[in-house]
Amino acid sequence: MKGKWKGGGKKKKGNEVLQKYMVAVDEFVKSKNGAEEPQADTSVRFVQRKSRKELRKEKRKLKKARMKSYYQGIKTDVDDGAPPDPADPQQPRPKKETVKKSIAKNNAMKAEQSKKATKLQESRKKALLEANEQEDREIKKLERFLKLNKRKNKKSIPQSFVADGLDYILGVLDSDTLAAGMGDSDDDMDMAKQNFEQLDKDTSQPSDEEEEEEDVASEGNGEDMDSSSDEVDASEEEVEVNCEEEEMDETQDVGDAEDINKEAMESNSNPGASDTGKYVPPQVRNAAGDQHKAELEKLRKNVKGLVNRLSEPNMSSISGQLEALYMSCSRKDMNDTLTEVLLAACVTPALMPDRLLMEHVLLVSVLHHAVGLEVGAHFLETVVRMFDNEYNRPSEGKECDNLVAIVAHLYNFHVVHSLLIFDILRRFVAAFAEKDIELVLFLLKNVGFSLRKDDALALKDLITEAQRKASDVGNKFKDQTRVRFMLETMLALKNNDMRKIPGYDPEPVEKLKKLQRTLIQRRAAGSDMMLRVSLDNLLSANEVGRWWIVGSSWNGAPMISQQENTAADKSSSEGQYSTKVLELARKQRMNTEVRRNIFCVLMTSEDYLDAFEKLLRMGLKDKQEREIVHVLMNCCLQEKTFNSFYAVLADKFCTHDRRFQMTFQFSLWDKFRELADLPTRTLSNLVQLVTHLLQKKCLSLSLFKVIEFGELDKAKVRFLRQVLTRLLKDSEPEELLSIFARISGIPNLGMLREGLKLFISHFLLKNGPSQESEEQAAMLSERAHIATKAMEAKDVKVKL
């Protein structure tokens, strides 16, 4: 106390009042304590005071010593249990020493507890952080799979969640609590608030040890510097322990808050456990309520906007966006909406431009191949039903014409098979009214030549039926011009004459077909996905089902009945042949059903055209079709005298399709290997058949390239001599020139040309038959010279 005032006097030397006050205090102290006290005071007054750095250093040493003694079990001199000596002036007061011991013990215990709690809390926090990181990685992985990481607006719920019914689960979270990651339960929020308030109170309130330390400090206000430093050390250690306790409490509160958050999320993720919400299936929820209607209206606006912008340049982007809508929305809703929008744009009382109809139907075709068969099937069924209603209810508008044009373009873009087109044409021809004739012309103008390419026989039958119908009921029309124009158009189609059809321009369709192939190859496999359905199948789909869609229900089995009818037709067709014809087929070794039917058709046909049509109408495929050539040649060679019926029929098949040419060529090569075993009658028939096919240019002289002219036997010499002699004598010079010129200029046939030249000069001219007259010999020599020059014609040009 005195030292403090001394120091104060040094700082204020100029204050005389303060100096007088200090002198008076010194005199008063001397009078009370005697003569010895000033010496002690003087010694105390001049003790050097320690700096704060030294005090902190001593405090750290003391703290380390206490910790070492606690962990090693070493007791200090103060703890040895010896009673304090009252006479010892250095002995501290008992009360102060007791307080220090209790503080040290409490500090050690709390330090140990705080360390254990800290370690436990750190391990718990580490486990929670690892679990959160693992959960975040799993969420990001699922977001990549669901393509939600690319969304720009991450605050709203994705449309796919709404479609799957997940919006109900996420509906218990509002936007604020969803962003915070906690539920909006009132009880959970109250508990969290109480925990955080308690945390604030604990932080603001002082501990009991701090209050005790303050009391000790107040009692020891006049003690020496060592005791004051010990008090400061103890108080600072107590503050550190309290801080550690506060940190532990905060960690526990945070953990409690995380537990509350987790429980809230678990309670929200189970809506069935709450009393306020009840799960409703999506189909029931969508069936009733205004939300589904609003979604459908929004979907309709989106689809209508895309369709309104549709054109050939942006066909790829529009179809891609519609395909994305198919992936994100219900397919039934998309099929209904797309069909409604397209038909509203294409079916109007006025005749729509053909270009617009083709672009809209091309869009349906692309989605039909990219999304699935149900897209085109739903659109086609709706169009056919509308057509049936409009056709049965005649009006002055052009709705029926537009619907027929849509069906025609669905066939052009490979959505539907020609079976449906022929059914519609037969329906028009059967009614044969003025409107029907107009629709027939309209339909044939769009798809006539495609029908001829796909099924020429069915088109021929349709033309025959139309001609018969025109001759029967044609007189009832006042104006015969339309009927005659329809018949002329059909004849032009039959003769493949595009010039006689006015306004026919296949270029727009071909251009869009090319675009279609590009889009289909880009989005789908491009396989055959045409719907092979008839008109009756589509109109009766609600009653019997839709067999052309995978997974649809089907009532009845018309396919089986159709097969039974086909089998019955075959058996009845076999029954209509006479026993004599069937016995003749058995003798000719027609041991299979296909060969027997072909043989019976050949034997019972009126002429070669009748036989040709009946054989094609049998619908034979691949190997069965080749049996036609084998049976025909067998019948031709077995005749006693050559029958030109078989040669003309063979000519018809060769001109019909190249497949029959190749089959005849291979069959004749087989016969060339058997020339030595053939009887004279069979060889003669074979010579005349080959000569006829060569003269009609059904086959080329390259037919003889399998014959080795350097190793000819008697049978081959006789065969070649008869064929070439007939060919030279029975053909005009112009015909000979074209026949032999077909093998000129071909490098691979050089050996054949040289062999024929050598054979003609050696076996026909030098060693020919001696019974021929001079005139016939001169004509043969002249024709041989023409044939030789024809074979050399292109060779000379090549050399030059």
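Among contacts (heavy atoms within 4.5 Å) between residues at least 6 apart in sequence, 72% join residues at least 24 apart. The model is a predicted one, in which local features need pLDDT of at least 70 and side-chain atom pairs count only at pLDDT 80 or more, while totals for chains, interfaces and linings use all residues. Residues are numbered from 1 along each chain as its sequence is written, and side-chain values use heavy atoms, with hydrogens and water left out.

The protein has 37 helices and 0 strands; helices (H or I, at least four residues) and strands (E, at least two) are DSSP runs numbered from the N terminus. Of its 800 residues, 35% count as buried, where buried means under 20% relative accessible area, exposed over 50%, and partly exposed in between (1.4 Å probe, protein chains only). The protein exposes about 49400 Å², of which carbon and sulfur atoms supply 52%. Such areas come from the Shrake-Rupley method with a 1.4 Å probe, and for residues only the protein chains shown count as cover.

Charged patches come next. Arg52, Lys53, Arg56, Lys57, Arg60, Lys61 and Lys64 form a positive surface patch. Patches are made of residues with over 30% relative accessible area and no salt bridge, like charges being joined within 9 Å and nonpolar side chains (Val, Leu, Ile, Met, Phe, Trp, Tyr) within 5 Å. Lys and Arg count as positive and Asp and Glu as negative, with His and the chain ends not counted; the charge is placed at NZ of Lys, CZ of Arg, CG of Asp or CD of Glu. Arginine 56, a member of this patch, lies in helix H4 (residues 52-72) and counts as partly exposed because its relative accessibility is 40%.

A negative surface patch is formed by Glu130, Glu133, Glu135 and Asp136. Glutamate 130 belongs to helix H5 (residues 94-146), and its relative accessible area of 45% makes it partly exposed.

Aspartate 333, in helix H15 (residues 331-346), is buried yet has no salt bridge, that is, a side-chain nitrogen of Lys or Arg within 4 Å of a carboxyl oxygen of Asp or Glu. The nearest side chain of opposite charge, lysine 332, is 5.0 Å away. Leaving aside neighbours within four places in sequence, aspartate 333 is in contact with His292, Leu296 and Leu299.

Glutamate 510 sits in helix H23 (residues 507-523) and is partly exposed, at 42% relative accessibility. Its C-alpha atom is separated by 9.8 Å from that of phenylalanine 413, 97 residues apart along the chain.
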